[in-house]
Amino acid sequence: MEGLYGKRRPKVLNFPESAEEYKLEYPEWLNCHDSNWEGVPSIKEFWEAEVDYLEKTGCLHLINPTLIAYYVISLLRYHENEHSIAISNTVYQSKRGELRVDANPLVGISKGYLADALAVWDRIWRIVEQNSETYYGDDPSHDIMSRLLSNKPR
């Protein structure tokens, strides 16, 4: 408490389960969002991959499972759209006789799902970044502001 302003007690988040014992179960309600496309991974596979990845950071117990579910749903929809685009983009003959590529409206939808997935992932990653003991970003020595403030020539 000596280093804290006003010697206030620090705010501590207390979770009933420890990080080592915490195992996030797959929510069955996600099955209603599952894909019917052959070649697109199931939503359960996306869920398990993300949970396994986040478990390695040691911060999985801090992340709201609903955030992971939103991320997985957006990611699945993005992959479904990309799969649909891959099989439906066709070259067709126009009335004038020249060949053109049909503009597929799914491209815009796909971009939207990817943007949604990345926005949710950014929120998840901020939780990991702020609570992890391991630094996952760039090398801190590359930070320009720290170089300017350190007054040490490099």
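Author: What follows is a short chat about the helices, the core and the salt bridges. This is a predicted model in which local features need pLDDT of at least 70 and side-chain atom pairs count only at pLDDT 80 or more, while totals for chains, interfaces and linings use all residues. Residues are numbered from 1 along each chain as its sequence is written, and side-chain values use heavy atoms, with hydrogens and water left out.

Reader: Okay, how many helices and strands are there in the chain?
Author: The chain has four helices and two strands, in the order α-α-β-β-α-α along the sequence. Both kinds of element are DSSP runs numbered from the N terminus, helices being H or I with at least four residues and strands being E with at least two.

Reader: And what caps the N-terminal end of H2?
Author: That is Asn64, which places a side-chain oxygen 3.0 Å from the backbone nitrogen of Thr66. Helix H2 itself covers residues 65–88, and its 24 residues reach 34 Å from the first C-alpha to the last, close to the 34 Å expected at 1.5 Å a residue; the expected span is 1.5 Å times one less than the number of residues.

Reader: Switching topic, which residues touch the most other members of the largest nonpolar core?
Author: In that core of 26 residues, they are Trp47, Leu54, Ile68, Tyr71 and Ile124. Helices H1 (43–57), H2 and H3 (106–131) are the elements that give two or more residues to this core, and the largest share, eight residues, comes from H2. A nonpolar core here is a set of buried Ala, Val, Leu, Ile, Met, Phe, Trp, Tyr and Cys residues joined through side-chain atoms within 4.5 Å.

Reader: What is Tyr71 in contact with, leaving aside its neighbours within four places in sequence?
Author: Tyr71 is in contact (heavy atoms within 4.5 Å) with Glu50, Ala117, Val120, Trp121 and Ile124.

Reader: Now, how many salt bridges does the structure hold?
Author: There are two, each being a side-chain nitrogen of Lys or Arg within 4 Å of a carboxyl oxygen of Asp or Glu. Glu80 pairs with Arg77 at 2.9 Å, N to O, and Asp122 pairs with Arg126 at 3.0 Å, N to O.

Reader: Is Glu80 buried or exposed?
Author: Glu80 is buried, with a relative accessible area of 13%, and Arg77 also counts as buried, at 19%. Asp122 is partly exposed at 39%, as is Arg126 at 40%. Buried means under 20% relative accessible area, exposed over 50%, and partly exposed in between, with a 1.4 Å probe and protein chains only.

Technical notes:
A polar contact is a pair of N or O atoms within 3.5 Å; within protein, one must be able to donate a hydrogen and the other to accept it, and residues adjacent in sequence count only if both atoms are side-chain atoms.
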